[in-house]
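Subject: Handover of a structure, with notes

Dear colleague,

I am passing on the structure below, together with my notes on it. Please read the notes with the coordinates open beside them.

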Amino acid sequence: IIATEFPKPEDRGKAMSGFMLVSVSGGSLGLFVGGLLTQTLGWHWIFWINVPVGAIALIGVMRYLPAGVKTTQRTPIDLVGAVLVTSAAMIAIYGLVEAGHTSWTAPMVRTSLAVALILGVLFIAVESQRENALLPIRMLRIRSLLVTSIVRGFMVMGLYGVFFLATLDMSGTLKMSPLEVGLDEELRARAEALESRLDEELHRYREGSSPFSFEVFTIEVPE
């Protein structure tokens, strides 16, 4: 989407930098706020906090975004595909979680993973036959999209895997409080934000549109 909407190299570099900065900042803010809520109000509030945030976002969308162009023809929603892929993901996650508590050979684990696999196959079969498919199968024939999606998927798995394991290590081994863990994760987010800024400047420098101009990030290390 970014490559299509921003054909100019300098604009594309800014868009990619902004996308990465918002993504990293959101993850960092979530870790910090989650640690603060867990330490002050309780871990249940990491779920309840989404209610006012969602309400504010809904009000902002209704107030500031222009209304879409009305058309006489409305494409029906692919409810069957949505139910299949959601059910497959939920059952697969349940099976993986149970494998950690029991074993990979437990009947419930094998049954859950088998059902998830069957639902995934049914999802692909259904999507290949529907005009309003949730995931058009023809998109999988675009090699660049397929490769970048796979790479992006591994990047996301690695990123959140680091968050999970680092949180366990800091809270279990180092005996840090939830707020201290959130502040420590902020350092990683600052480094990634700096990296996104450098990526933009390197991209612009390579295209010859501007010289380097780096911003200064202040990092506070909690004691």
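This is a predicted model: local features need pLDDT of at least 70, side-chain atom pairs count only at pLDDT 80 or more; totals for chains, interfaces and linings use all residues.

Residues are numbered from 1 along each chain as its sequence is written, and side-chain values use heavy atoms, with hydrogens and water left out.

The protein chain averages a pLDDT (the predictor's confidence in each residue, from 0 to 100) of 77, and 77% of the residues score at least 70.

Helices here are DSSP runs (H or I, at least four residues), numbered from the N terminus. H4 is hardly covered, since the count of buried residues among its 15 residues is zero; buried means under 20% relative accessible area, exposed over 50%, and partly exposed in between, with a 1.4 Å probe and protein chains only. For H7, the 31 residues should span 45 Å by the same rule, which agrees with the 44 Å between its end C-alpha atoms. The buried residues of H7 are Phe163, Ala166 and Met170, and H7 is followed by Lys175, whose phi is positive, near 60°.

The structure holds one salt bridge, that is, a side-chain nitrogen of Lys or Arg within 4 Å of a carboxyl oxygen of Asp or Glu. Asp78 forms this salt bridge with Arg130, and the closest N and O atoms are 2.9 Å apart. The pair links distant parts of the chain, 52 residues apart, with Asp78 in the loop between helix H4 (50–64) and helix H5 (79–101) and Arg130 in the loop between H6 and helix H7 (143–173). Asp78 is buried, with a relative accessible area of 3%, whereas Arg130 counts as partly exposed at 32%.

In helix H6 (residues 107–127) lies Ser112, which counts as buried at 5% relative accessibility. Leaving aside residues up to four places away in sequence, Ser112 touches Ile91, Tyr94 and Gly95.

There is one aromatic pair in the structure. The rings of Trp43 and Phe47 have their centres 6.2 Å apart and their planes at 80°, so the pair is edge-to-face; rings of Phe, Tyr and Trp (its six-membered ring) pair if their centres lie within 6.5 Å, and planes under 30 degrees apart count as stacked, over 60 as edge-to-face and the rest as tilted. Trp43 is partly exposed, with a relative accessible area of 48%, and Phe47 is exposed at 54%.

Finally, Glu180 is found in helix H8 (residues 178–207) and is partly exposed, with a relative accessible area of 31%. The side chain of Glu180 reaches the backbone nitrogen of Ser177 at 3.0 Å. The C-alpha atoms of Glu180 and Gly35 are separated by 7.5 Å, although the two are 145 residues apart along the chain.

Terms used: Helices (H or I, at least four residues) and strands (E, at least two) are DSSP runs, numbered from the N terminus. A polar contact is a pair of N or O atoms within 3.5 Å; within protein, one must be able to donate a hydrogen and the other to accept it, and residues adjacent in sequence count only if both atoms are side-chain atoms. Contact means heavy atoms within 4.5 Å. The expected span of a helix is 1.5 Å times one less than its number of residues.
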